[in-house]
Amino acid sequence: MSKNTFYRRRKFWYWIGGLLGTLILILGIGALVLSAKWKPTLTTKIKEGVSNASNGLYQIDFKDIHLNLLTGTAVLDSIKLTPDTSVFNQLREKKQAPTHLFRIKLAHLKLSRVGILTAYFKKKVTLSAIILDNPSIDMIYHKVPKRSDTVKDDRTLYQQISKSLKSIAVGQIKVVDADFDYYNGKKKLNQVKHLSINVKDVLIDSAAQFDTTRVFHSKNIGFELLGYKSETKDKLYTLMLDTLRGSITGKDLEIRGFKMEPKYPKIEFSKKYSVQKDRYDLDFKKISISGIDYVGLNNNGELLVRKIDLGPAQVNVFMNRELPPSSLNKSGNFPHMALKRLPIPTIVEQLKIGKVNVAYGEYNPKTKEIGTVKLDGLNGTIFNLTNDSSRLAKQSHAYADLTTYVMGTAKMNVKIDFNLTSNNGAFSYKGKVGAFDLKALNAISKPLGQIELESGKVTSASFDIVANSSGSKGVVYFYYNNLKIKMLGEDAEGKEKKKGLLSFLANTLLIKDDNIPGEKGRFATVTHERAPQASFFNLMWKSVFKGMREIAGIGIVPMKNPSKPKKK
């Protein structure tokens, strides 16, 4: 190659490079000019669009907008989306108000690879991604009246926007590290931090408008929460979870490693209160929820769940009887009564419990010991948990079928029928208990009846009881052999001691050593009055325990009832 040829080729590439550089410079300057020219117009259009699309219910404001026509990116800074309360109140009066309102704040909203020219000339909005960095989202539930005579707008979203746009396509919408608060009116119910949401393949056009595989016009909406940790309002518990994952499209939610840990040991914790109060220590390895109607929750403020799988888990409850009892009537905490207090209509078709260990302990100030009742390996299913009025009109009872091992040895099956419409917490329960050694019940019989079981073998037991907040009545069957007891009392210092004479008399004159099934087998008809401070579990157990005492022959010995609240 000659030198002249080499220099001619080099000059050609210099010329091409210079031309491209000039074109890039011109395009860059043009983009800056167009961006500057379009910025005020685009700002106005965005604000008008949000207001018009929401019929004036929402207003959007932002500090600045950065538009790059070359890369097709747009960034909005310091954004606020707020509802207009006056418009909401007007809609409420017309019975046209939505169930939920939203308040959103975020530092940046990023739109990538926006087809600006396509949107302008072809009326087709296309974006690669929308990214919301560190938003603060408030979701506010309002119980609003709905007009029965209102003609529902059955048009699809595409049909509503088709006059101005032919299609909207977004590859991905990401919400990164959001703070999410859920309110019932002005009352904050739930607070979640570090929440991430990923919405994929959003499409609104003439074909996709009837695509039943899409939810909220997307192919999938997923959310994830990792390493969550917070304190309760009273600063006495730490709430933690390892992972929370769910999909609106899949209608599911899975929680792993949820814990509610008390911040203080048992006795120290109890003294944070002036009256008796339960201390909870919860460890749920897994909670799986399926068949969640997220769309109905959003649109109507109603929660419908097909199934909840709960467990494995450890549930520990502690009560210090050294403190005076609360004046609160605990009937309001019966499971079906607590269900009534949920702030939104709720239907859980099935709650399945698997491998849950429950322990309930009480501190006895006289013996300075903690007695604990254990239910090991609790398994079973509860059907039709609901406070929804329309559901209750069709099916007003919830049913539980549970199996557990009392004190780790006595296998028990119990079926519970909850009257969900009852105002006095009415329910009934029946069950069967297999063979076990009676000495396993000393942790219960000593604090409740001041009786120690020295020997005895249960062959079988069963019960059928009707109860409510006032008390219970029913029948108890209790078959056993070789029963011997020890009567207990307190000495002058309040310490536990054996009542030797009473124990001898009880075993000789009162105790019936055996009760064998058959025509001569004894049973007890039980009537039990519930103390206002007694819990749901306390009512169930005491009713059965009272029948067992009567069959054994010690029904005349008074049971120890909870102390009454001190008068102020």
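Predicted model: local features only at pLDDT ≥ 70, side-chain atom pairs only at ≥ 80, totals over all residues.
Local features need pLDDT of at least 70 and side-chain atom pairs count only at pLDDT 80 or more, while totals for chains, interfaces and linings use all residues. Residues are numbered from 1 along each chain as its sequence is written, and side-chain values use heavy atoms, with hydrogens and water left out.

**View 1. Arg 321 and Glu 362 form a salt bridge.** A salt bridge is a side-chain nitrogen of Lys or Arg within 4 Å of a carboxyl oxygen of Asp or Glu; the count by this rule is 15. In this pair, the closest N and O atoms are 2.9 Å apart. Arg 321 lies in the loop between strand E15 (313–320) and helix H7 (335–340), and Glu 362 in strand E16 (residues 346–364), so the bridge ties together parts 41 residues apart in sequence. Helices (H or I, at least four residues) and strands (E, at least two) are DSSP runs, numbered from the N terminus. Arg 321 is partly exposed, at 26% relative accessible area; buried means under 20%, exposed over 50%, and partly exposed in between (1.4 Å probe, protein chains only).

**View 2. Lys 415 forms a salt bridge with Asp 401.** Their closest N and O atoms are 3.8 Å apart. Lys 415 belongs to strand E19 (residues 410–419) and Asp 401 to strand E18 (residues 397–406).

**View 3. Asp 437 and Lys 457 meet in a salt bridge.** The N to O distance is 3.0 Å. Asp 437 is in strand E21 (residues 436–437) and Lys 457 in strand E22 (residues 451–467), so the pair joins parts 20 residues apart in sequence.
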